[in-house]
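Please read this report alongside the sequence and the coordinates shown below.

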Amino acid sequence: MNIVPNYKNPKKYVTAKFPIRQPIYLTALIQLLSRVALIGNKYKTEKINMEGLKPPYIILSNHMAFVDFKLVSQITYPHRVNNVVNVDGFYKRKWLLEWIGAIGTRKFTSDIHLVRSILKCLERGDVIGLYPEACYSQCGISSYLPTALSLLIKKAGVPVVAVLHRGNHLNNPIWDVTKKRRVPLHTTATQILTREDISSLSCEEIGKIVKSALTYDEYQYQKDNGILIKEEYRAEGLHKILYKCPSCKTEHKMASNGAEIYCEACGKRYVWQENGYLKALDGETEFDHIPDWFRWEKEEVRREIANGEYTFFDEVDVFSMPRTNKFIKLGAGKLTHEIENGFTLTGFYRGKEYRMERAPIQTYNLHIEYSYPLLNKGKRDAVVMSMDDDLFYCFPKKQNVITKLAFATQILYENRENEIKKAKLERRATKV
Ligand SMILES: [Zn+2]
C-alpha cells in the first residue's frame, strides 16, 4: 500500500483538466522559433499522402530528441496543435505548458482524463501531437507502443499521421545530450489511416499499421545512407546503453572514451567506426550493429527473469515533484525492483515513513534519465518512479544500472500482459 510523504503542502499538480485552445499567434510563433532553432542543422521534412488533409487529425511521432517537436511544428503549421507532454518537462514552467495548450500528463501512468482532453481538442478541430513511446529512444530503435493507443484511435475516429524522424538520435543521442554529431535529419509525415480505414478496421489491425509505420533503426539509417559520423567523441556515453560486456559478460563495468567503448573488467575494447559499424580492437566482434548488442542485453535480462534470478536493490537519493514548481528533497531512500512486486521505494520524510509501490502491470516502461543535472550538484543517472499524482526522482548509488532497470520493467510488463491475455482467451474458450 502506498503511504505518501509527509509533505508540508499536500497540494499536487492536477492533470485532470482540459487544455486551452492554442492561441493562433502562438502557433505561428512556435513554428517561427522552431525554424530559427533548426538553422545550422541539415534537415528535410516531407509530407506523404497528406494532400488536402485538414484537422482534426492525430499525429503519432517517434521520439528521440527535443528537436522532434521543432520538426513536427514545420509539418503541422499553420494548424493549432495540442501536444501531450510530460509535466516534469515543464519544470518551473507550468505557465508555458498551459499557455501553449499542451496536455500535461505523467509518463506511464493511467491518466483517465488524458483521453477526455484529447477528444476535446479534436472536437475543437485541432491537431493532437502524441509521442506514444513516451520517452526518448535510448538506442534509436522503436519501443513498445501501448495497446490502448489503437482503442484511442478507434474512439477518436479521425485521420492518423505517422511522423518518422530519422537522424535525430544519431545527431543528439540521449546517452550524451551535451554534444551533437553532424548528421542530416530527415522527417516524413505520412497519413497512415483515413476516417474510412478507422471505421472499417479492427483495433488489432489498426495497432499493426501503427506499429509498422513507427518502426525505425537509426544505426541502420546511418548505414543505408552511407552517413559518416566523424566527431572523435562520437562514442562518449555509449556505455550507458551498452552496459554489459559481450565478451566476459560483466555488467555495469563498461566505459567509453573518444570513439571507443571498453570493458573495465576484461579490458576488451571496441571502436565505433565512422560508418556506424562496431569493431573489436582485438579478437571477435560479437556485435557490429549497436542495436543488436542492446537487444542481446534485453534478452539476457529476460533470461534472468525467467530463471527467477532477477532482483535489484540500492540506496538512492530521492527528490519528488508533486507540483511542477520545485523538487522536494526527500533524502536517502531504498529502491527495490522485484519480479513479483515491481518497484518499491521507501524512506523517511519529516519524521514519517513513506512508501511508494508500482506493480509490473502498472507501468509498461520506465522513465530514466542519463546524467541528469540536479540542482547544480553534478550530473547523475536517475530512475523516475511515476505515480498517478507525483514523481519520484531516484538517484542510485550503483553505477550504470538504469538501462537494465528499464529492460526489466518492460519485460515484467510484457509478461504480465501476456498472462492476462492468455487468461482471457482461456475464459473465452471455456464459455464456448
Ligand atoms: Zn569484459
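This is a predicted model: local features need pLDDT of at least 70, side-chain atom pairs count only at pLDDT 80 or more; totals for chains, interfaces and linings use all residues.

Isoleucine 227 counts as buried because 20 other C-beta atoms lie within 10 Å of its own, and the cut-off for a buried residue is 20 or more.

When residues up to four places away in sequence are left aside, isoleucine 227 touches Val183 and Gln222. The C-alpha atoms of isoleucine 227 and proline 184 are separated by 8.4 Å, although these two residues are 43 residues apart along the chain.

An open sheet is formed by seven strands, which follow the order 1-7-6-2-5-3-4 and whose pairing is mixed. At its edges are strand 1 (43-48) and strand 4 (103-105), each of which pairs on one side only. On average, and with direction ignored, neighbouring strands of this sheet are turned by 20° against each other.

Within the sheet, strand 2 (residues 57-61) and strand 6 (residues 160-166) run parallel and are joined by four bridges. Isoleucine 58 has valine 160, in strand 6, as its bridge partner.

## A helix across the strands

Helix 2 (residues 67-76) lies across several strands, namely strand 1, strand 2, strand 3 (81-86), strand 5 (127-130), strand 6 and strand 7 (185-193).

Conventions: Residues are numbered from 1 along each chain as its sequence is written. A residue is buried if 20 or more other C-beta atoms lie within 10 Å of its own, exposed if 12 or fewer, and partly exposed in between; C-beta atoms are placed from the backbone. Two residues are in contact if their C-beta atoms, placed from the backbone, lie within 7 Å. Two strands pair if DSSP finds at least two bridges between them. Helices (H or I, at least four residues) and strands (E, at least two) are DSSP runs, numbered from the N terminus. Axes are lines fitted to C-alpha atoms, for helices over the stretch in contact, and angles run from 0 to 180 degrees between N-to-C directions.
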